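Q: Could you walk me through reading a few features here? I would like the general idea and then the case at hand.

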Amino acid sequence: MSGRAVLLVEDDPGDAFLVGELLAEVEPELRLTVATSLAEVVAGDLLSGPECVLLDLNLPGTHGLEGLHAILRADAGAAVCVLTGLDDEHLGVAAVAAGAQDYLVKGKVDGQVLIRAIRYAVERRRAETSALRLREERLVAAEATRLERGLLPTPLLAGSHVAARSFYRSGRARSVLGGDFYDAVRGPDGTVHAIIGDVCGHGPDEAALGALLRVSWRALVLAGVDEPQVLPKLQQVLVSERHDQTLFTTVCTVAIPPDGEGLVRLAGHPAPVSLHPPRQVEPMIGLPLGIAAETRWEAERLSLHPGWSLLMFTDGLIEGKGPMPDEPLWPEGLIELLVAESATPAEDLPVRLVERVQELNGGPLSDDVAILLLTAAAP
């Protein structure tokens, strides 16, 4: 108990003196503060220092457990031991049920009993606080997991000619969610549509908006909306749902029909990289979603040879440190990594790329990272 502080709320000077003597003879270094009323406790902010409160229930202006309730309203985390002259078993049970750690009767305790009660009260309150925090963290984790299902989807590509592998990691500390999003689905006519996007910002609001945009995009595609109209309608969703009118989103979309050339559209987003050999697709880059109402996003036709692969990614992958001092990796550095990893199987490539990029960066990447690797499905 060395160095610990205890607050005694007691209006009787004789009882206060006796409690001080009992504690001092067992633990001389314990610091005891005495308050004579609840008003003095609250007005003097006396609950911020002590680890335990010894509370008399017979304070002026209080009845029953009113004093205990007042202390816990002022500080819900306070470790409170009731120390009263009322030898009432039912009142003791009620006090503990109301949040007291112990119920002690004056005249029936000595210094050793008081010190032990204080120590146990402090440790029980710490255990209760830890359990509460653990429960809150579990609830937050469960909520994050539910949100993650919306942010990190399972591509709907059954029966299509395209396979997809993905990677996602939030750049926010202690978070699985970020503003990046991706998806891939097979449309009603058999065309495979894919999207990858990045809501500017890194907070929970941006994460929620990213999930909303992904779900909205999927609904548009599955409803059979013409491909050129998907981005304009997605921008309408963004404008109506964003919490900040300056918020914008970069997006890259790809449409791959069962036969023929694919289409790539960029809304302020990094262009995808075609593998075998690695080269960056270079479509015309339009404005991000949410910047101008009458924006058009031109399509670039994409030739797809047998065994094709297309890597879509967010800028978190290429904005960490590259091999050149004081220079980010940029798309050129990513292509060099892809050349070096040409023998890596498609199912392992997204994770391997992030490992290589983190090695160059000297540690974890600070921004969100999303990768969507599309490949020609095996016949």
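Q: Is C52 buried or exposed?

A: C52 counts as buried, at 1% relative accessibility; buried means under 20% relative accessible area, exposed over 50% and partly exposed in between, with a 1.4 Å probe and protein chains only. Do keep in mind that this is a predicted model, where local features need pLDDT of at least 70, side-chain atom pairs count only at pLDDT 80 or more, and totals for chains, interfaces and linings use all residues. Residues are numbered from 1 along each chain as its sequence is written, and side-chain values use heavy atoms, leaving out hydrogens and water.

Q: How many disulfides are there?

A: A disulfide is a covalent bond between the sulfur atoms of two cysteines. Taking it as a pair of cysteine sulfur atoms within 2.5 Å, the count comes to 0. For C52, the nearest cysteine sulfur is that of C81, 4.1 Å away. C81 counts as buried too, at 0% relative accessibility.

Q: What is the strand order in the open sheet of 5 strands?

A: Strands are DSSP E runs of at least two residues, helices H or I runs of at least four, both numbered from the N terminus; two strands pair if DSSP finds at least two bridges between them. The order is β6-β16-β15-β11-β12, with antiparallel pairing. β6 (162-169) and β12 (279-280) stand at the edges with a single partner strand each, so one side of each has no neighbour in the sheet.

Q: Where do β11 and β15 pair?

A: Residues 273-274 of β11 and strand β15 (residues 309-313) pair in the antiparallel sense over 2 bridges. S274 stands opposite L310 in β15.
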